[in-house]
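Here is a brief report for a first look at this structure. Keep the view open while reading.

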Amino acid sequence: MKKILLLAIVALTFATGLGKTVDEVFSAFPAADNVQLMDMPFMKQIVQSKLEAELKEENGKQIKIEDMKLLLIEDATESQKDIARHLLNDGVDGMEELMNVDEDGNLDVTIFFQKEGDHICQMLIFTFDNDEDEVGIVYLKGAMQPSDIGKIDMFN
């Protein structure tokens, strides 16, 4: 019985050890001139304000964004792209894949999320722009409804 329990613990540890934490995702890329990691308090406030305005018009719902980070790699090397693909394949601890969009092989977007009750409490968005050789990872932490994800448009 002890052997079965030990084997189950080892298997569970191995299975959960494959995914990375959010911090490990952001620290996976070695420092380089083309790698920018930004905490984004100003962008967090812009996104928060925009979402609040849209949701108030719809139904008075509240949304809260507590944290937002952006990792941007311009002119990504093959090694940097491989690291990002490896992270995607391994997944992120405690998060599920929400969607994956591939636009004609030019732009790939994958969204991971973690729910708490009926709302999303964390979201991690991976983007690959194959035309421009750019990799982007956006992290959002807060309280968002799944139906509000489409309203998060940081560039309009």
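## A strand pair

This is a predicted model. Start with strands S5 (residues 119–129) and S6 (residues 134–144), which pair in the antiparallel sense over nine bridges. Within this pair, Ile 125 stands opposite Val 138 in S6.

## The sheet

S5 and S6 belong to an open sheet of six strands, in the order S1-S2-S6-S5-S4-S3. The pairing is antiparallel. Strand S1 (35–39) and strand S3 (96–103) are the edge strands, and each of them pairs on one side only. On average, neighbouring strands of the sheet are turned by 10° against each other, direction ignored.

## The helix on the sheet

Helix H4 (residues 78–90) packs on this sheet. H4 touches S1, strand S2 (64–73), strand S4 (107–116), S5 and S6. The direction of H4 makes about 145° with that of S5.

The length of H4 can be checked. H4 has 13 residues, so at 1.5 Å a residue it should span 18 Å. Its end C-alpha atoms are 18 Å apart, which agrees.

Which residues of H4 are buried? They are Gln 80, Lys 81, Ala 84, Leu 87 and Leu 88. These residues cover an arc of only 120° around the axis, so they lie on the same side of H4. They pack against helix H2 (22–27), S1, S2, S4, S5 and S6.

The face of H4 turned away from the buried side carries the exposed residues Glu 78 and Asn 89. Just after H4 comes Gly 91, which takes a positive phi of about 85°.

Terms used
Residues numbered from 1 in each chain as written. Predicted model: local features only at pLDDT ≥ 70, side-chain atom pairs only at ≥ 80, totals over all residues. Heavy atoms only, no water. Pairing = 2+ DSSP bridges. Helix = DSSP H or I, 4+ residues; strand = E, 2+ residues; numbered from the N terminus. Axes fitted to C-alpha atoms, helices over the stretch in contact; angles between N-to-C directions. Contact = heavy atoms within 4.5 Å. Expected span 1.5 Å × (residues − 1). Buried < 20%, exposed > 50% of the residue type's maximum accessible area, 1.4 Å probe, protein only. Arc of directions from axis to C-beta.
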